[in-house]
Amino acid sequence: MLNTKTIEIVKSTVPVLEKHGETITTRFYQLMFSNHPELLNIFNHANQKQGRQQKALAGTVYAAAMYIDNLGAILPVVKQIAQKHRSLGILPEHYPIVGKHLLLAIKEVLGDAATDEVINAWAEAYNVIADVFISVEAELYDETEHQQGGWNGFRNFIVARKVVESDVITSFYLKPEDNKGIADFIPGQYISIKLEIAGETFTHIRQYSLSDAPGKDYYRISVKRETGTDNPDGMVSNFLHNGVNVGDILKVSAPAGDFVLDMNKKTPVVLLSGGVGLTPMMSMLKTTVEAQPKRKVTFIHAAANGNVHALRDEVEEVSKLENVHAYFFYDSPTEEDRKNNRFDVEGYVTRDWLHEKIDTKEADFYFCGPVPFMKAINRSLKEIGITEDRIHFEFFGPMGNLEE
Ligand SMILES: Cc1cc2nc3c(=O)[nH]c(=O)nc-3n(C[C@H](O)[C@H](O)[C@H](O)COP(=O)(O)OP(=O)(O)OC[C@H]3O[C@@H](n4cnc5c(N)ncnc54)[C@H](O)[C@@H]3O)c2cc1C
Ligand code: HEM
């Protein structure tokens, strides 16, 4: 354990580091990637360019430092990150590399303020934090490998079906090449896919939520083609859409993630999604219908219009059931959408609509979608009095802050 002096130094320097937070982590990544370019096979380059990963890592290191004498308090966050790390294949030997370059960056950015005493205290603190991550991840690796149908690292899956679901979303049905069993998953979880793309120096890993119920002999993912307007087109999603076909092999890591439907509860569940954020909700919806047929479930989906609205038929099929209600919101419906009554509400999901239409008393709320959508939903739910323990969400990127 750390001595009192070390703890004091670390805690008292957190505000200074916070002030330089992103400068330090940006420099940290530059230094680390120049000394260890092989790590560019693991990290998401677009997240780096947009600064999203910098924010996530900086925030966590400082939060951990503030709780350095009570790391139990941040264990839930560690567990969530550890799921992502496990799915990416982060190993104990990676931690000293991160530690070394983080300290180098702190030293460089703080200059004279980074005395030996300060640097040594942070080195000790980093080791304690890293040990917590390493031990949580060791447990996850063990569980993943030893569960039925489980495996560690990336396993070859064949694309068994490729189905166009809308103008922008396509599903891929993946079966293991070795024809053996596959690990079960909890609705809401995701897999990571590692791609080698011709002409690219590094491999590219991305996460995709499983969009069907568990218990099948395949995993289904549904991928939105990300088109850049001012920026380059999304690397992996476009490659999947344009370059991956039935019979091709994809490298897949076992299901991960702690954004999961609580199936021990019988109380109503409300699933809210914007755009491709519907994928984990589809799995939750279909699983509830199969495994908890009496549970009340409301599925609320927001899309621009019918052209980009995916998996609508599957939702309509289950919403024939008495306890399932589905509402579709289109913010820019087409003439065709109007003519065929393809949506319930024109516009965005608002607090007043939720308050009026949804029986919120005991319900749990799960949501996912573009960050502005998630911020609006989060705010609305809070304003109508939903407590935090009944609010659950997933970011389709490094975790951020919905309250900002
Ligand atoms: C837990 C989780 C679950 C997910 N589930 C799904 C899912 O079910 N379905 C789904 O479609 N996606 C899902 N995602 C998102 C997915 O992992 C990818 O992030 C997404 O497919 C985009 O990847 P890409 O390689 O196509 O784009 P990237 O190449 O990673 O680019 C991402 C964005 O950054 C922009 N960009 C690229 N380069 C630059 C640059 N130099 N400067 C500025 N901007 C740039 C691109 O235009 C694009 O908008 C999930 C993510 C997470 C974390
Ligand atoms: C104590 C040390 C570490 C902390 C506090 C930390 C923190 C984080 C956080 C907060 C995220 C974002 C998670 C999410 O939003 O889902 C993340 C993701 C990630 N981490 Fe770590 N991490 C640590 C160590 C490492 C190590 C040692 C490696 C490997 C060299 C690593 C590689 C990654 C990668 C590749 C991602 C995903 C990045 C992306 O999508 O761009 N991390 N980490």
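Where is the place of Asp142? Asp142 sits in helix H7, residues 116-146, with helices (H or I, at least four residues) and strands (E, at least two) taken as DSSP runs numbered from the N terminus. This is a predicted model, in which local features need pLDDT of at least 70 and side-chain atom pairs count only at pLDDT 80 or more. Residues are numbered from 1 along each chain as its sequence is written, and side-chain values use heavy atoms.

**Surface charge**
- Glu139, Asp142, Glu143 and Glu145 form a surface patch of negative charge (residues with over 30% relative accessible area and no salt bridge, like charges joined within 9 Å; a salt bridge is a Lys or Arg side-chain nitrogen within 4 Å of a carboxyl oxygen of Asp or Glu).
- Asp142 is partly exposed at a relative accessible area of 44% (buried is under 20%, exposed over 50%, partly exposed in between, with a 1.4 Å probe and protein chains only).

**Aromatic pairs**
- The count is 16 aromatic pairs (ring centres of Phe, Tyr and Trp, its six-membered ring, within 6.5 Å; planes under 30 degrees apart are stacked, over 60 edge-to-face, the rest tilted).
- Tyr29 and Phe43 pair edge-to-face, with centres 5.6 Å apart and planes at 75°.
- Tyr29 is in helix H2 (residues 21-35) and Phe43 in the loop between H2 and helix H3 (45-50), so the pair ties together parts 14 residues apart in sequence.
- Tyr29 is buried at 2% relative accessibility, and Phe43 is buried at 19%.
- Ring pairs join Phe28, Tyr29, Phe33 and Phe43 into a cluster.

Terms used:
Chains are lettered from A and ligands numbered from 1 in the order in which they are written. Patches are made of residues with over 30% relative accessible area and no salt bridge: like charges are joined within 9 Å, nonpolar side chains (Val, Leu, Ile, Met, Phe, Trp, Tyr) within 5 Å. Accessible areas come from the Shrake-Rupley method with a 1.4 Å probe; for residues, only the protein chains shown count as cover. Lys and Arg count as positive and Asp and Glu as negative; His and the chain ends are not counted. The place of a charge is taken as NZ of Lys, CZ of Arg, CG of Asp or CD of Glu.
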